[in-house]
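Trainee: Hi! Could you walk me through this one?
Mentor: Happy to, let's bring it up.

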Amino acid sequence: MVETTTGAGQGGALYTEGAVAELRLLDPSGVEVATLRAGRDPLVFRDLAAGSYVLKPALLPCSGSCDILDDRTDGCRGAVDVAGRSTVTVHFRVGADCEIER
């Protein structure tokens with residue numbers, strides 16, 4: 001399970017129309033296994049084999065409305081080991097790299 005939080009950037013900066021969190025999960029060879037976009041509930045990557053993955057979260061700023069999204073920004077990447085039920089939290093700050101808390 002992945003939980004996301006979004007905070008204001010330096011000087012209280014926010015995306016005017018909002019942003020959607022997108023999480024890409026890659027296997028050890030760099031092949032994308034899954035991509036999820038945040039809603040109101042925590043994101044869950046289902047049916048993953050135990051092992052090591054790379055999580056690449058980022059924000060997609062809304063362009064006028066969240067029906068149209070801008071390119072990924074404020075991203076980061078980190079290794080995630082999956083063994084049974086694993087939980088990580090991704091913290092986003094506008095205008096800065098995100099942080100993955102394991």
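Predicted model: local features only at pLDDT ≥ 70, side-chain atom pairs only at ≥ 80, totals over all residues.

Trainee: Okay, back to β8. In which sense does β7 pair with β8?

Mentor: Antiparallel, over four bridges, with β7 covering residues 88–93. Two strands count as paired if DSSP finds at least two bridges between them.

Trainee: And what is the strand order of the sheet?

Mentor: The order is β1-β7-β8, in an open sheet of three strands with mixed pairing. β1 (2–7) and β8 (96–101) are at the edges with a single partner strand each, so one side of each has no neighbour in the sheet.

Trainee: What holds paired strands together in general?

Mentor: Strands of a sheet pair through backbone hydrogen bonds, either parallel or antiparallel.

Trainee: New topic: how many disulfides does the structure hold?

Mentor: Two. A disulfide here means a pair of cysteine sulfur atoms within 2.5 Å. Counting bonded cysteines along the chain, the pattern is 1-2, 3-4.

Trainee: Which residue does C62 join?

Mentor: C62 is joined to C66, with 1.8 Å from S to S. The link of C62 and C66 is right-handed, with 80° about the S-S bond.

Trainee: Is C62 buried or exposed?

Mentor: C62 counts as buried, at 4% relative accessibility. Buried means under 20% relative accessible area, exposed over 50%, and partly exposed in between, using a 1.4 Å probe and protein chains only. C66 counts as partly exposed, at 39%.

Trainee: What about C76, which cysteine does it form a disulfide with?

Mentor: With C98, and their sulfur atoms are 2.0 Å apart. This pair links distant parts of the chain, 22 residues apart: C76 sits in the loop between β5 (65–69) and β6 (78–82), and C98 in strand β8. The link of C76 and C98 is left-handed, with -100° about the S-S bond.

Trainee: And are C76 and C98 buried or exposed?

Mentor: C76 is buried at 18% relative accessible area, and C98 counts as buried at 6% relative accessibility.

Definitions and conventions:
Residues numbered from 1 in each chain as written. Heavy atoms only, no water. Helix = DSSP H or I, 4+ residues; strand = E, 2+ residues; numbered from the N terminus.
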